[in-house]
Amino acid sequence: TMSLLSHLYWVNGREGADEMLDDAIAVLESEPPGPDLLRTYGRDAGRHMLSGRTRESLAAANKAIELSKRLGLSDEVLFARQVRGVALCELEGEAGLSALRDALDRALESGRGMVISVAYNNLGHFRWLVDSPRAGLGSKRDGMAFDERRGLAGGARWKQMETMWILFDLGEWDEVLAIGSELERLAGEAGLQGQERASVPTFRT
């Protein structure tokens with residue numbers, strides 16, 4: 001419960017999320033390990049990743065993966081496997097891509113839509129940076145196709161927005177502007193604010 005509450009604090013930008021998660025880890029580690037500790041390690045890995053603490057995120061993800069093996073649980077650690085792949089991409093390059101491909105394969109086996117969507121996005125991002133822009137674009141578009149089949153409109157539009165970075169690298173200026181105009185229109189219709197809407201003018205300056 002404390003672990004979930006810390007996540008809700010973080011999502012809503014409230015202070016104290018980190019301290020609450022640290023307390024949750026301390027309490028759960030003092031008890032016999034179970035699914036709650038596994039999920040909490042995964043949240044710990046995620047917060048370090050999003051804060052740019054690569055080695056800390058890798059350590060937490062590895063703890064989650066090792067515990068999942070001991071407990072015989074797999075779905076609870078799907079995101080931690082993605083965090084591990086992201087960290088390895090940042091530290092080692094190609095080894096991280098292998099880990100991200102494995103994380104996507106496991107997510108697909110689970111059938112869990114949002115986890116699969118995020119896995120496609122993470123793989124596409126790092127294929128762009130480590131492999132090539134064309135490779136990254138292919139994975140992003142595979143993810144968009146998956147999202148559209150599953151009705152995950154938000155995931156599809158997020159990936160579409162991020163393809164603008166890759167297309168910019170490739171010099172596909174007309175497509176960048178076309179996607180930007182489409183996303184700006186959709187954002188206006190939905191009354192969206194934040195990164196998705198703010199990203200569009202960036203490509204016009």
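Author: A word to start with: a residue is buried if its relative accessible area is under 20%, exposed if over 50%, and partly exposed in between (1.4 Å probe, protein chains only). The model here is predicted, so to speak of local features pLDDT must be at least 70, and side-chain atom pairs count only at pLDDT 80 or more, while totals for chains, interfaces and linings use all residues. Residues are numbered from 1 along each chain as its sequence is written, and side-chain values use heavy atoms, with hydrogens and water left out.

Reader: How much of the chain counts as buried?

Author: The chain has 205 residues. The share of them that counts as buried is 44%.

Reader: What does the secondary structure of the chain come to?

Author: Helices (H or I, at least four residues) and strands (E, at least two) are DSSP runs, numbered from the N terminus. Read from that end, the elements run α-α-α-α-α-α-α-α-α-α-α. The count for the chain is 11 helices and 0 strands.

Reader: What share of the contacts with a separation of 6 or more comes from residues 24 or more positions apart?

Author: Contact means heavy atoms within 4.5 Å. Among the chain's contacts with a separation of 6 or more, residues 24 or more positions apart account for 48%.

Reader: Are H5 and H7 roughly parallel or antiparallel?

Author: Axes are lines fitted to C-alpha atoms, for helices over the stretch in contact, and angles run from 0 to 180 degrees between N-to-C directions. Helix H5 (residues 78-92) packs against helix H7 (residues 113-131) at about 5°, with the axes 10 Å apart. Angles under 35 degrees count as roughly parallel, over 145 as roughly antiparallel, 65 to 115 as roughly perpendicular and the rest as oblique. That makes the arrangement of H5 and H7 roughly parallel.

Reader: Which residues does Gln82 touch?

Author: Gln82 lies in helix H5 and is buried, with a relative accessible area of 2%. Leaving out residues up to four places away in sequence, Gln82 touches Leu100, Ala103, Val115, Val118, Ala119 and Asn122.

Reader: Which residues does Asn121 touch?

Author: Asn121 has its place in helix H7. At 12% relative accessibility, Asn121 counts as buried. Not counting residues up to four places away in sequence, Asn121 touches Lys140, Trp158, Lys159 and Glu162.

Reader: How far apart in sequence are the parts that the pair of Tyr120 and Phe146 ties together?

Author: Rings of Phe, Tyr and Trp (its six-membered ring) pair if their centres lie within 6.5 Å; planes under 30 degrees apart count as stacked, over 60 as edge-to-face and the rest as tilted. The structure holds 3 aromatic pairs, and one of them, Tyr120 with Phe146, is tilted, at 5.9 Å centre to centre and 40° between the planes. Tyr120 is buried at 13% relative accessible area, and Phe146 is buried at 6%. Tyr120 lies in helix H7 and Phe146 in helix H8 (residues 133-150), so the pair ties together parts whose distance in sequence is 26 residues.

Reader: Are H9 and H10 roughly parallel or antiparallel to each other?

Author: Helix H9 (residues 153-170) and helix H10 (residues 173-190) have axes 9 Å apart and pack at an angle of about 155°. H9 and H10 are therefore roughly antiparallel.

Reader: Which residues does Ile179 touch?

Author: Ile179 is found in helix H10 and is buried, with a relative accessible area of 9%. Its C-alpha is 9.8 Å from that of Arg157, and Ile179 and Arg157 are 22 residues apart in sequence. Not counting residues up to four places away in sequence, Ile179 touches Gln160, Thr163, Met164 and Leu167.

Reader: How far apart in space are Arg53 and Ala87, C-alpha to C-alpha?

Author: Arg53 is found in the loop between helix H3 (35-50) and helix H4 (54-71), and is partly exposed, with a relative accessible area of 29%. Arg53 and Ala87 are 34 residues apart in sequence, and from C-alpha to C-alpha the distance in space is 8.9 Å.
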